[in-house]
Amino acid sequence: MPITILAPRPSRPTRKHPQEDASVTSDTDSEAGGVDLDGDLPMTTTRPSKRARLNTTTTQSTAAFEIVTPGEIITDDPQWMRGHGTYVTPSTTAITSSVAGTMTRTNKLLSVRPLRARYTPEVGDLVVGRIVEVQAKRWRVDVGSTQLASLPLSAINLPGGILRKRTETDELQIRTFFAEGDLLVAEVQQLFADGGAVLHTRSLKYGKLRNGVFVAVSGTGGGGGVVRSRRQVWTMEAANGGGLVDVVLGVNGYVWISKHVETPEAGADSSSSSKAAAGITNMEESVSTTMYSSQNDRIEVEAMREIARLRGVVTALVENGLRVDEDMVVRGYHEAVEMAMVSAEGPDDIYLGGERGQQLAAALRGA
Amino acid sequence: MPLDTSTYNLALLRVDGRRWNELRRVHAQIRTQAAADGSSYLEMGHTKVMCVVTGPSEPGPRRGTGGGGAGGAGAGGAAEVVVSIVIAGFSSVDRKRHGRGDKRTLELQSTVANALAASLHIHLFPHSQVNISLHVLSQDGSLLAALINAAALACVDAGIPMTDYVAACTAGSTSTYAANDEGADPLLDLNHQEEQELPGLTVATLGESDRVVVLVCESRVQVSRLEGMLAVGVDGCKQVREILDRVVREKGRRMVQEGTVEKGIGLNEMDVD
């Protein structure tokens, strides 16, 4: 009994794009099912051709939600240049997407921003990182990138004066500055051709982190990560007697939330007047001794609770697909404080997962 | 029990009620694990596979050659694709322990690694490593195809640039090698029972093109039947690609709608000026 080629039956309901429905020139190949054994394979393509898309007038709203996926030809017009997330097949001019994401255009440059990807360092980025390896003259730092970043000994503030040449003694004591597992905030100073980054902490803003909690959210590639913004570090007044809290949003998706500690200059003025008289050299020494300390200061229970609440806000933002920046975190925090006020447990209620997280996100979206 | 081929000839239906050119139900999800760089879950019929991708990231300390890794490419200026496959003891009908050094698993690992290394743009990530971890939860034939599809989806989720999807499926023939039946018809997407008794092959193609990146045939089959099987397999790969693409698009559209990702520009707006 010979095989009868049966009428095509879509294996799942085909939900066509509006462009396809409208395009008259849409090929009828999708109407043919099965296989021709002569080796002539019907191309069951549902991807609308470029021309079909151009001819039809699509509603902007549906088109705007579309993404491109790997292997999709974006354009075969040679006037465009290819950017990140695209490639050109040899012997053609067609620019093809290589990642799933949304398309962006800068003049004649087409690039595709992936829905999610690892952090790619750029010069000037503020990053939070963790030391994973100590070498002779540098540290290797995990910044959530494709490679470990390096932090040379010469790129940190050495004790005993901000601008001092590094000596052999410093090399021998390299672990007293940063040891494996230490967290730090730094800036990307330089990039290598292969994508590796060099960090520096040559500012009083940067350096070792303590007195707080670390949160990792997915990177900048999307998925509600940290976005590059004007201000990545700020100090805010916590509610319920929590005192001042510092928040550091690393562009790489690593976040640090800690109790605010007065800078040593200010501390010297207020706490002990005798030390203040000791002069500028002494002050610099006090800067350096506290700078590389791994010992936490005393943190009050209230401050800990508010730090934990801020952490909950950040994870809730990520879980519900909202971007993480100063505005959202501050507003989210105030919202969370309000939510805790009306709950049965009062301010001690810091849980922001599940439904409460969704409630928080809904409040932020509505505002 | 041999497959009752006479029944097939009467009704042209296979043991599970499919026609010769029908795929089993394919269900796929991406971003199943929030903490991973990329993740996916894929069911092809009753074959269920979970995949987690880590990287591209700094390679860990070198393991011995006896480890579960399978290099996709040399370290020379490109990332290395390392695949590890864990087959759960409860995945098949008879409970079996699969050791780490199992030769079959090692071969699966290196096949998946080579297939993906051919499509991924690993030259963009020197001195790094892409770790693909696959867990087989349930087996009902077409295991290699399901592994490749799940790994491809997870790599898309991880945002690793690639030439195109690598989509795989299996194809077989309605009668055994011994029957030497010239008129045997090709079958698409074999299940476990068919895989046991009939000749079959696994084929993976690069996206919508006819470029075959994986072709594995572990059974005896007359060469005259091979062409038909391959044609059916390649056609099945295209159907699988469409399914995978739909899953990714659906997820992407939802993310754009929710505002997680900024909207892109449409081609229309682009071509206006």
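User: Which residues does A:Asn211 touch, not counting residues up to four places away in sequence?

Analyst: This is a predicted model, in which local features need pLDDT of at least 70, side-chain atom pairs count only at pLDDT 80 or more, and totals for chains, interfaces and linings use all residues. Residues are numbered from 1 along each chain as its sequence is written, and side-chain values use heavy atoms, with hydrogens and water left out. A:Asn211 touches A:Trp256, A:Ser258, A:Lys259, A:Val261, A:Asn296, A:Asp297, A:Ile299 and A:Ile307; contact means heavy atoms within 4.5 Å.

User: Why does A:Asn211 count as buried?

Analyst: Buried means under 20% relative accessible area, exposed over 50%, and partly exposed in between (1.4 Å probe, protein chains only). A:Asn211 has 2% relative accessibility and therefore counts as buried.

User: What makes helix 2 of chain B oblique to helix 3 of chain B?

Analyst: Helix 2 (residues 103–119) and helix 3 (residues 143–157) of chain B pack at an angle of about 45°, with axes 10 Å apart. Angles under 35 degrees count as roughly parallel, over 145 as roughly antiparallel, 65 to 115 as roughly perpendicular and the rest as oblique. The pair is therefore oblique.

User: How many nonpolar, polar and charged residues does the contact of helix 2 of chain B with helix 3 of chain B have?

Analyst: The contact has 9 nonpolar, 1 polar and no charged residues.

User: Which residues have the most contacts inside the largest nonpolar core?

Analyst: They are B:Leu42, B:Val53, B:Val112, B:Ile132, B:Leu134 and B:Leu147, in a core of 80 residues. Helix 3 of chain B supplies the largest share, 13 residues.

Key:
Chains lettered and ligands numbered in written order. Axes fitted to C-alpha atoms, helices over the stretch in contact; angles between N-to-C directions. Helix = DSSP H or I, 4+ residues; strand = E, 2+ residues; numbered from the N terminus. Nonpolar A, V, L, I, M, F, W, Y, C, P; charged D, E, K, R; others polar. Core = buried A, V, L, I, M, F, W, Y, C linked by side-chain atoms within 4.5 Å.
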